[in-house]
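Q: Could you take a close look at a single part of this one for me? I'd like the contacts spelled out.

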Amino acid sequence: MAPLEFNPGNKKVILSVDGGGMRGVIAVAMLAELETMTGKPVHQLFDMVAGTSTGAIIAAGIATGMTAHDLLEQVYRDALPGVFRRQPQGIQFWIRYVLNGLRHLYELRPFLDTLGPLVEGITIGNLHDNDTPENKRPIFFLTTRDIRANNTYYVVSKGPGRKEFADWPLSGAVLASSAAPIYFPPVLGNLVDGGVGLYVNPCLAASVEAMEYIGAAEGFVDNEVMHFSLGTGYIANTRPSGAGGRFWLKDWIEYLIITGLDDSALQQVFVTQALYRRRMDFRRYNPFLDTASVREVLGVALAGRPNPATLGLDSFTPEAVALMEEIGRAYARKVDWNQPGYTPWVRDRSHPDHGKGRDGGHPLPGTLPVVWHGTPYR
């Protein structure tokens, strides 16, 4: 089979990757399959790589010259599962959590140990020191939030924003972007996951940075840019009718956190499309983690395997990692990487596939029928 002709127009290409913890396996497996399809390492396919949380790990690996295959093997199969595996298990895990004041579930040190060898000695400011015209590293971008000022930092390795973060160690910046509250303590007591707030999906922030701040100096000009936004799997967090009436505190906390992240990720897509549709070719790729979609559309066997809808930020078992990798690879083979404006849903409400998911994608939000049952007041 002939290699996929990726970016035939030779445009500048941005990659942005959502947060999602261990579900980053899905996104990096998509990229590994794209490497196989194109015959090129992923750092040669993109001119700018952006990420939040696990997306920042992927972006940092690519920016330092790692292939997606190496990221998948060295980081997501071998290193990151150890962050969770080396913690106390069973009842001891929860005892330690309570004794720790219910502050965080996991420690930072094992996490930092997995990142150090990948980005040892590199700062944001010296990331491009060894660039040559023939071998340029992609521009690196991530988000992290400082709880002191309730402010998001946009950490970037080129452009006018670079000087603000030039002395930040790359490993520390990635750790800060990945320090999800409840899961990990803040870095330096202040910096938390960039997904706190608006940027669990950094596609809008990356677009603004590239088009409005870096701009023509690096070739990011109108109608000469493609942006590939990768999610880490979409789970339809729907509830049966009347479920809200039975919610207690834990249910509401989970609902507010999960739906807040989902809504934020989707809104970043919609706003980026609205603002930049006439200036760049923006595309979104995100597999639907629904049992029927994974099995029937992507062709991934599920007998005796985890339910895709239960895959979470700390799904680190070999079985879960293998399933996420297979989902990501199958999705990458299914989608059309050369279709302008690609999205994982059918937007046309008159289309027979509207609301059903396409190519392993997910339904456009708001496609459930609105039915009024009963009367709230008598």
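Leaving aside its neighbours within four places in sequence, which residues is Ser229 in contact with?

A: Quick ground rules: this is a predicted model, where local features need pLDDT of at least 70 and side-chain atom pairs count only at pLDDT 80 or more, while totals for chains, interfaces and linings use all residues. Residues are numbered from 1 along each chain as its sequence is written, and side-chain values use heavy atoms, with hydrogens and water left out.

Now to Ser229, which sits in strand 6 (residues 225–230); strands here are DSSP runs of E, at least two residues long, and helices are runs of H or I of at least four, both numbered from the N terminus. Setting aside neighbours within four places in sequence, Ser229 is in contact with Ser16, Asp18, Asn201, Cys203, Phe282, Arg283, Arg284 and Tyr285, contact meaning heavy atoms within 4.5 Å. Ser229 counts as buried because its relative accessibility is 0%; buried means under 20% relative accessible area, exposed over 50% and partly exposed in between, with a 1.4 Å probe and protein chains only.

Among contacts between residues at least 6 apart in sequence, 73% join residues at least 24 apart. The protein has 11 helices and seven strands.
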